[in-house]
Amino acid sequence: MGRGPKALAPLGGEPLVAVLTRRLLEGGRRDVLVVTGAYADEVGAVAREAGARVAESPLWRTGMAVSLRVGVAAADAPHLMLALVDHVGLSPALVRRVLGAHRPGRATAASYPGPDGRLLRRHPVPLEAADARAAAAEAHGDRGARDWSHRNRERVDLVDCGALDDGGDLDTVADLSRLARR
């Protein structure tokens with residue numbers, strides 16, 4: 001967006017990565033791992049101060065697939081939750097809803113009503129570590145776990161989070177208005 005790293009964009013006077021780390025922890029995650037890319041030192045320092053562990057993705061320019069692989073390799077847990085730093089509507093209540101609906105051996109996707117009313121898969125996504133490793137292995141470019149999720153859709157439970165957020169993210173300068181409303 002030409003304004004520095006999204007992770008450091010201000011949300012309520014705090015860097016986005018700090019706010020979302022806190023929301024994940026308040027929502028029931030015991031451990032948050034932030035994968036850094038551009039501005040790794042600055043983003044990592046803020047993430048650590050907020051209570052997250054940090055893993056650096058040195059090849060971040062090649063797309064989110066590499067960052068997914070770095071994060072999955074650095075995580076040491078039987079199950080993981082994939083979340084994006086630019087999901088400004090992520091709240092502790094949303095995290096609790098998705099975690100509460102998650103069943104062992106399955107993946108769970110926060111979902112939001114699309115224009116036609118059908119639920120669309122978005123983030124966060126809790127899944128088993130083995131599934132996260134499989135998704136990371138087949139990820140490429142800017143297509144993180146999406147291909148794995150589509151190929152395994154019968155194992156992905158959708159949780160309607162539309163009452164809590166619209167599932168949008170921060171991708172353009174125009175999207176910055178989402179920050180002002182939060």
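**View 1. Asp 157 lies in strand E9, which covers residues 156–160.** Helices (H or I, at least four residues) and strands (E, at least two) are DSSP runs, numbered from the N terminus. This is a predicted model, in which local features need pLDDT of at least 70 and side-chain atom pairs count only at pLDDT 80 or more, while totals for chains, interfaces and linings use all residues. Residues are numbered from 1 along each chain as its sequence is written, and side-chain values use heavy atoms, with hydrogens and water left out. Asp 157 counts as buried because its relative accessible area is 17%, where buried means under 20% relative accessible area, exposed over 50%, and partly exposed in between (1.4 Å probe, protein chains only). The side chains of Asp 157 and Arg 103 are joined by a polar contact of 3.1 Å; a polar contact is a pair of N or O atoms within 3.5 Å, and within protein one must be able to donate a hydrogen and the other to accept it, with residues adjacent in sequence counting only if both atoms are side-chain atoms. When neighbours within four places in sequence are left aside, Asp 157 is in contact (heavy atoms within 4.5 Å) with Arg 103, Arg 106, Ala 107, Thr 108 and Ala 109.

**View 2. Helix H1, residues 16–26, is mostly covered.** Eight of the 11 residues in H1 are buried, namely Leu 16, Val 17, Ala 18, Val 19, Leu 20, Thr 21, Arg 23 and Leu 24. Just after H1 comes Gly 28, which takes a positive phi of about 120°.

**View 3. Val 85 sits in the loop between strand E5 (79–82) and helix H4 (92–101).** With a relative accessibility of 32%, Val 85 counts as partly exposed. Not counting residues up to four places away in sequence, Val 85 touches Ala 7, Leu 16, Val 17 and Leu 20. Although Val 85 and Leu 8 are 77 residues apart along the chain, their C-alpha atoms are separated by 9.6 Å.

View 4. Along its principal axes, the C-alpha trace of the protein chain spans about 40 × 35 × 30 Å. Of the 182 residues in the protein chain, 44% are buried. Among the contacts in the protein chain with a separation of 6 or more, 62% come from residues 24 or more positions apart.
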